[in-house]
Amino acid sequence: MDVAHCNLDGNADAVEFCPHDSYHHVLAASTYTLQEGDRPSRAGSISLFNVNADLGRLDLFHRIETAGIFDIKWNPVGGCVSPLLAQADADGYLRIHGLECCSDEAQGFSLREITDEKISSAMCLCLDWNPSATSITVGLSDGSVSIASIVESQLETQELWKAHDFEVWAASFDTHQPQLVYTGSDDCKFSCWDLRDGPSKLAFQNTKVHTMGVCCIVKNPNDPNTVLTGSYDEYLRVWDKRSISRPVNETSICLGGGVWRIKYHPFVSGLVLTACMHNGFSVVKIYGDKAEVIETYSKHESLAYGADWHREKSFREGKRNSTLVATCSFYDRLLRLWMPESVLQDSVL
């Protein structure tokens, strides 16, 4: 069921609901627009929206202009840390913004840049926070991976190493063992690095299964051994990291488009939302070593890049529970809010 939509000011590539209590209604959306000509540039923006599913409202309340953005992520919930939004951009910077209350109540919240770090002359393509929100891993366009630490509200690059032969589109911490970092690249390699052994030492690497570049890597938050990968080869793969030579389900599941982004549902085990580039968005249920598409959404008319679940536990529609989803697509600059029609019945929740 469609709830609301709007057009952004640039090519949309990421959407992220704030996971922090009292801020669940805040949605961040980022853009990347290549401006060609004699002096080409890569421009971007971050837009903040107030989301009200009951009223079907998607209200812009703050926007900042930036370099072209490839990825954004809020810091994990925990401790006394307020909401922080990290961005990886085309200028090779990692930047962190803080969500702050405005003195004018009518304005609600705003973003203020707290710190930045020039990671590399290459472009920063992806990022992920460690579970304690003290470090961020960044994947770069030259095949390198970086680890930046946050010390007294300042970013400092701790490690930088050549991890892949081509662009690194996926870099993520293991939420159960944060000393491990997973990376994936256009070289078709799925790798894991143990930071305790020095950044350039592989814990494992699979070079044979993905037939095209690895776009995303996501750890199952409820299972210490399950990892999901998405690839340009259109397959979502389920891995058991205890046997990384092949996926748990050898055939995995073909989603009909490059699997650019995977998001686990915040409270329904085994349910994931996927952005499938040329084939819209899919909701997939994973049962052990099997995966099944239970719903697709095709109301975007361009590359499906950004997707996220709302953090509220339920939305009551008559006698039925559902969960709000935000999705965005690139060239049509479209941001949509919708609720899966057939996913979350009362029996599931």
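**View 1. Threonine 115 counts as buried, with a relative accessibility of 4%.** Buried here means under 20% relative accessible area, while exposed means over 50% and partly exposed is in between (1.4 Å probe, protein chains only). What you're looking at is a predicted model, where local features need pLDDT of at least 70 and side-chain atom pairs count only at pLDDT 80 or more, but totals for chains, interfaces and linings use all residues. Residues are numbered from 1 along each chain as its sequence is written, and side-chain values use heavy atoms, with hydrogens and water left out. Threonine 115 belongs to strand β9, residues 109-118. Strands (E, at least two residues) and helices (H or I, at least four) are DSSP runs numbered from the N terminus. Look for alanine 86 too: 29 residues separate it from threonine 115 in sequence, and the C-alpha to C-alpha distance is 9.7 Å.

**View 2. Tyrosine 182 and phenylalanine 204 form a tilted ring pair.** A search of the whole structure turns up 15 aromatic pairs. To pair, rings of Phe, Tyr and Trp (its six-membered ring) need centres within 6.5 Å; planes under 30 degrees apart count as stacked, over 60 as edge-to-face, and the rest as tilted. In this pair the centres are 6.2 Å apart and the planes are at 45°, so it goes down as tilted. Tyrosine 182 sits in strand β15 (180-185) and phenylalanine 204 in strand β17 (202-206), so the pair ties together parts that are 22 residues apart in sequence. Tyrosine 182 is buried at 1% relative accessibility, and phenylalanine 204 is buried at 15%.

**View 3. Tryptophan 260 and tyrosine 305 make another tilted pair.** Here the ring centres are 4.9 Å apart and the planes meet at 40°. Tryptophan 260 lies in the loop between β21 (253-254) and β22 (261-264), and tyrosine 305 in strand β26 (304-309), so this pair ties together parts that are 45 residues apart in sequence. Both tryptophan 260 and tyrosine 305 are buried.

**View 4. About 260 Å³ is the volume of the second largest pocket.** On a 1 Å grid over the protein atoms alone, a pocket is an open set of points where a 1.4 Å probe fits, with protein on both sides within 12 Å along at least five of seven lines; lining residues have an atom within 4 Å of a point. Grid points are joined across faces, edges and corners, and the volume is the space filled by probe spheres set on the points. Tyr32, Phe70, Trp169, Tyr305 and Phe330 are the closest to the centre out of 17 lining residues. β3 (26-35) and β6 are the elements that give two or more residues to this lining, and β3 gives the most, with three. The lining has 13 nonpolar, two polar and two charged residues. Nonpolar covers Ala, Val, Leu, Ile, Met, Phe, Trp, Tyr, Cys and Pro; charged covers Asp, Glu, Lys and Arg; the others, Gly among them, count as polar.

**View 5. The largest pocket holds about 1,200 Å³ of space.** Its lining has 45 residues, and the closest to its centre are Lys73, Asp128, Val218, Lys263 and Arg311. Among the elements giving two or more residues to the lining are β2 (12-17), β6 (69-74) and β10 (124-129). By class, 27 lining residues are nonpolar, seven polar and eleven charged.

**View 6. Aspartate 71 is buried, at 3% relative accessibility.** You'll find aspartate 71 in strand β6. Its side chain makes a polar contact of 2.9 Å with the side chain of lysine 73. A polar contact is a pair of N or O atoms within 3.5 Å; within protein, one must be able to donate a hydrogen and the other to accept it, and residues adjacent in sequence count only if both atoms are side-chain atoms. A polar atom of the aspartate 71 side chain also lies 3.0 Å from the backbone nitrogen of leucine 127.

**View 7. Glutamate 234 has a positive phi of about 80°, though it isn't a glycine.** Most residues other than glycine have a negative phi. Glutamate 234 is in the loop between β19 (226-231) and β20 (235-240), and it counts as partly exposed at 30% relative accessibility.
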